[in-house]
Amino acid sequence: MQTTELDPTLSQTLGNAEKNGLKLVIANKNYSSWSMRPWVAMTAFNIPFQEISVLLDRSDTTAQIVHYSAAGRVPVLLAGETVIWDSLAICEYLAEQFPEKKMWPEDVAARALARSICAEMHSGFTGVRSAMWMNIRAKFPGKGRTLEAQADIGRISEIWETCLAMSGPSEYLFGEFSIADAYFAPVVMRFRTYEVVLAPALDAYVERVAAHPAVAQWIAGALAETDHIEKYDSYPD
């Protein structure tokens with residue numbers, strides 16, 4: 001299992017980021033699941049970048065985001081004159097720009113599967129998204145169990161079981177940490193917030209992802225934030 005150590009030298013990291021010209025525009029770490037995906041991937045693979053944070057649910061939120069991308073959504077990766085405004089496109093771009101990082105599995109079949117499950121995550125699971133929004137600081141045990149969310153939880157469990165059966169029960173989805181694990185990291189956050197009961201092997205995977213240095217750093221950032229969005233901080237009965 002890969003053990004990734006994050007760059008301990010902030011000044012050097014920022015210097016490298018300036019040289020690479022990579023800037024990642026994200027929203028609140030506590031709430032923004034889409035922002036989490038490329039941020040975790042870049043941090044896990046020691047790709048230096050400058051972080052630009054835009055707070056959600058403010059009067060100027062849209063104007064600030066549109067300043068970086070006309071799509072009006074985060075995350076946005078600024079790579080010199082190149083603007084990438086979709087989380088999966090950002091990860092694909094990074095994998096192409098840094099092939100030595102091996103952000104996708106090396107095996108062709110495993111890589112195809114990893115891309116497939118990321119694409120499914122990217123376009124699906126609307127039941128979980130709508131009923132179990134991300135709030136790392138909160139605890140909503142048992143909430144959000146709509147029929148659609150339950151079906152999504154079952155499908156996510158199936159995906160994880162399939163991947164872990166191939167990679168090993170004590171590994172990440174494809175052995176070493178990859179874009180696929182970064183892509184499902186917000187799901188891990190949701191499962192912890194809503195205290196979803198999983199099979200022991202899957203529960204252990206949740207804890208491994210949460211303990212990964214890049215994910216743990218994101219969680220620490222979320223816990224340190226003081227901004228609150230009321231509609232996401234409580235769950236209606």
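Two strands pair if DSSP finds at least two bridges between them. Helices (H or I, at least four residues) and strands (E, at least two) are DSSP runs, numbered from the N terminus. This is a predicted model, in which local features need pLDDT of at least 70, side-chain atom pairs count only at pLDDT 80 or more, and totals for chains, interfaces and linings use all residues. Residues are numbered from 1 along each chain as its sequence is written, and side-chain values use heavy atoms, with hydrogens and water left out.

Now show the side chains of strand 3. Val 76 and Leu 78 point one way, Leu 77 and Ala 79 point the other way, and all are buried (under 20% relative accessible area, with exposed over 50% and partly exposed in between, using a 1.4 Å probe and protein chains only). In a regular strand the side chains alternate between the two faces of the sheet.

**Stop two: the rest of the sheet.** Click on Lys 23: which residue stands opposite Lys 23 in strand 2? There you will find Gln 50, while in strand 3 Leu 78 stands opposite Lys 23.

Zoom out, and the four strands make an open sheet in the order 2-1-3-4, with mixed pairing. Strand 2 and strand 4 are the edge strands, each pairing on one side only.

**Stop three: a crossover.** Select helix 2, residues 33–44; with strand 1 and strand 2 it makes a right-handed β-α-β unit. Right-handed means that, with the strands pointing away from the viewer, the path from the first strand over the helix to the second runs clockwise.

**Stop four: two helices.** Finish with helix 7 (residues 147–167) and helix 9 (residues 200–211). Residues of helix 7 including Trp 160 and Leu 164 meet residues of helix 9, among them Tyr 205 and Val 206; contact means heavy atoms within 4.5 Å.
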